[in-house]
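Trainee: I have a model open on my screen and I'd like to learn how to read it. Could you walk me through it?

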Amino acid sequence: MNTRTVRRFTFATVASLASVMCTTGAMAAPSQKAVEVLGNRGPVANVGLPTHARAGSAVSGVLNVDVLSARSIDLTLADGQTITATLQRVASDEKKGTQSWVGTFEDSPGSLIVLSKAKGVVTGFGNYKGQTLELVPAAGGKHVLFAVDQQRLPKGDRVEKSSVGGSAALSTTTTTYGTGGSTAAAAGSVVHDVLVVYTAAAANKWGAATLESMIQNAIQAANQAYINSYASVTVNMVGLQQVSMTESGSGMYPTMSTLEKNTEVQDLRKKLAADMVVLVSQDSDYCGYAKLTKYFTNGVTTWWDANAVVYSSCLSNQTVAHELGHLQGLDHNRENTASSGWYPYSYGYRVCAADGFRDIMSYACPTATVPIINVFSNPSVTYNGYQTGISYEASPSTAAETARTLNDTATTVAGYMASSTSTATAPASPSGLAFSSVAYNSVGLSWADNATNESGFKIERSPDGVTFAEVGSAGTDARSFTDVNVRTLTRYFYRVRAFNSSGASGYSNVVNTTTPDVPPPPPAAPSGVAASNKGDGTALVAWVPGSSTASSFDVRREKWDSRKGVWSGATTAATVPSGVTSIIDSTGAGSYRYYVRASNTGGASAYAGPASVTVTSSTSSKKVPPGKR
Ligand SMILES: [Zn+2]
């Protein structure tokens, strides 16, 4: 999304980076006259100004339409002082109808001024010598320029460990960190896709178009800070819109909890493949809130944790760049943290002297008033003769290199949500695919479900093991499927995979089988079942086959229980192949009756019989009880 027309650093940099400075694009034409941002200026009453405006600081006027195409601009403040800013970079997106102008004030190293147009509305903000300036539309088609009273904004932000993965934090005893102090601008930058959403209350406060313009400013200010700091990261705002979720009413912490679970926002995030989400809200207990990514489960899907909340009135306070910084693994200056960033050097940096400064991740100094400068800590970039960070190699215990950290974590952050079809959150593959049944008209499959987040399973079939097509699906936690759309005497290959809204798992193993032919009709029942006593403790059972299609015969036997007076103990005495028409059943003495049926692959006939017999041993003789024949 960036069209970098001009790139110019105003920081003094150490000698090793001087050559980089001199080769980074065309310089602004110095002869061109600066464009005054507001014409027909006049002071304005404090009435109607945002509550965080400093009393007496406002000036109103008509916005000069040429401002977004100027090489340099003048801002005349309420006290009559005119300050001049030079263009560093233009960012425009014709499709979205947005355009941003990013520059720096000539007499203030590390200062920032960014103006953006969104939905036809221009807003701006700047940081100049310890002042934060804002430019917003006002009544009567005018704009108003004012300075922010920092006392009227929340103090600082809230940052804490993520709710997951605390024990999986990176070891701090590792001796190799990142890229060994190299924070020179690398060729190409890693894109972090960010979805920014805002509440109805925030839209009502500023007007939706004005708010969107202010958000554009904040995003482009972050991008300029990466450039200023030699961090090869670019934030790409993949979505910007109002959403229906509202502020909790009790602060940013519960709003964050809502945000993490909000389906509208998180579905949008998946659709847009946004690595990080920023909610702009009217929660005003902090300027911003984010979790520190060190405590994400490293190497595991963490996209759902990468959310930030920002108070709309703090958009000019670099709070978006700051909170995104936490999600990128950056911590505050060492004096203002109880935790630690991703690496032992992932700290912001400040110098609390009269000519000092603080960077984007640092809190204000306790006594000295120092300007915020638009950088992430980097010992290779200097301000007023101070390094803006401390090298880890030079001093591990005081190291402050958030720019280096940004380079170290860039790819990980870009992978929070790799793409809309990412397998990052796709379910695990099923395994152990096997046949539970194979018939002429159906094939049963079973598998092991190895996923905990699947929406269901898709079953694919192939005639050749090469070209598969989906033949059915099964729901969450399913472990079986029956394919009833099969032909006889046909070979089929099957495979299964799990799926959810993020995509599909890998495939299971492939299995194949050939369906049998249509079975014949069951055979006719036998006839002429007869049983006779052989007088040696055995019975001869014989029958006449009912048809030639039988493949086997089952002989069932029951015994007379004289104590209870019932036939009992039904059991299959024998199963014999076709062609056999009698058996000798070794039962011992007693009264029995026999049934016989015929079977083939099509089924079984009814039982024929019974035939009763009283079996005697060679020394005994008993009669069948009367009436039981
Ligand atoms: Zn913070």
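This is a predicted model: local features need pLDDT of at least 70, side-chain atom pairs count only at pLDDT 80 or more; totals for chains, interfaces and linings use all residues.

Trainee: Okay, sheets. In what order do the strands of the 10-strand sheet run?

Mentor: In general, strands of a sheet pair through backbone hydrogen bonds, either parallel or antiparallel. Two strands pair if DSSP finds at least two bridges between them. The names come from DSSP runs numbered from the N terminus: helices are H or I with at least four residues, strands are E with at least two. Here the open sheet of 10 strands goes β1-β4-β5-β6-β7-β8-β9-β10-β3-β2, with mixed pairing. At its edges sit β1 (35-36) and β2 (38-43), each pairing on one side only.

Trainee: And what packs on that sheet?

Mentor: Helix α3 (residues 208-228) does, touching β5 (82-93), β6 (98-105), β7 (112-118), β8 and β9. Touching means contact: C-beta atoms, placed from the backbone, within 7 Å. The direction of α3 makes about 140° with that of β7; axes are lines fitted to C-alpha atoms, for helices over the stretch in contact, and angles run from 0 to 180 degrees between N-to-C directions. Two of those strands, β8 (residues 121-128) and β9 (residues 131-137), pair antiparallel over 5 bridges, and Gly 124 has Leu 135 in β9 as its bridge partner.

Trainee: Which residues touch the most other members of the largest nonpolar core?

Mentor: First, the terms. A residue is buried if 20 or more other C-beta atoms lie within 10 Å of its own, exposed if 12 or fewer, and partly exposed in between. A nonpolar core is a set of buried Ala, Val, Leu, Ile, Met, Phe, Trp, Tyr and Cys residues joined through C-beta atoms within 7 Å. The largest core has 102 residues, and Val 194, Ala 222, Met 276 and Val 278 touch the most other members. Its largest share, 10 residues, comes from α3. Apart from this core lies another, of 20 residues, including Trp 543 and Tyr 594.

Trainee: Is strand β12 mostly covered or mostly open?

Mentor: Covered: 7 of the 9 residues in β12 (residues 190-198) are buried. Strand β12 pairs in parallel with β13 (residues 233-242) over 9 bridges, with Val 190 partnered by Val 233. Another 5 bridges join β12 to β14 (residues 276-281), also parallel, and there Val 196 partners Val 278.

Trainee: How many residues of α7 are buried?

Mentor: 10 of its 13 are buried, so α7 is largely enclosed by the rest of the structure. Those buried residues pack against β12, α3, β13, α6 (319-327) and β18 (347-348). Helix α7 (residues 402-414) reaches 17 Å from first C-alpha to last, close to the 18 Å expected, which is 1.5 Å times one less than its number of residues. There is a bend of about 45° at Asp 408, taken as the angle between axes fitted to the seven residues ending there and the seven starting there.

Trainee: What about the sheet of 3 strands: which stand at the edges?

Mentor: The order is β23-β24-β27, antiparallel. Strands β23 (431-438) and β27 (480-483) each have a single partner strand, so one side of each lacks a neighbour in the sheet. The twist averages 20° from one strand to the next.

Notes. Residues are numbered from 1 along each chain as its sequence is written. Two residues are in contact if their C-beta atoms, placed from the backbone, lie within 7 Å.
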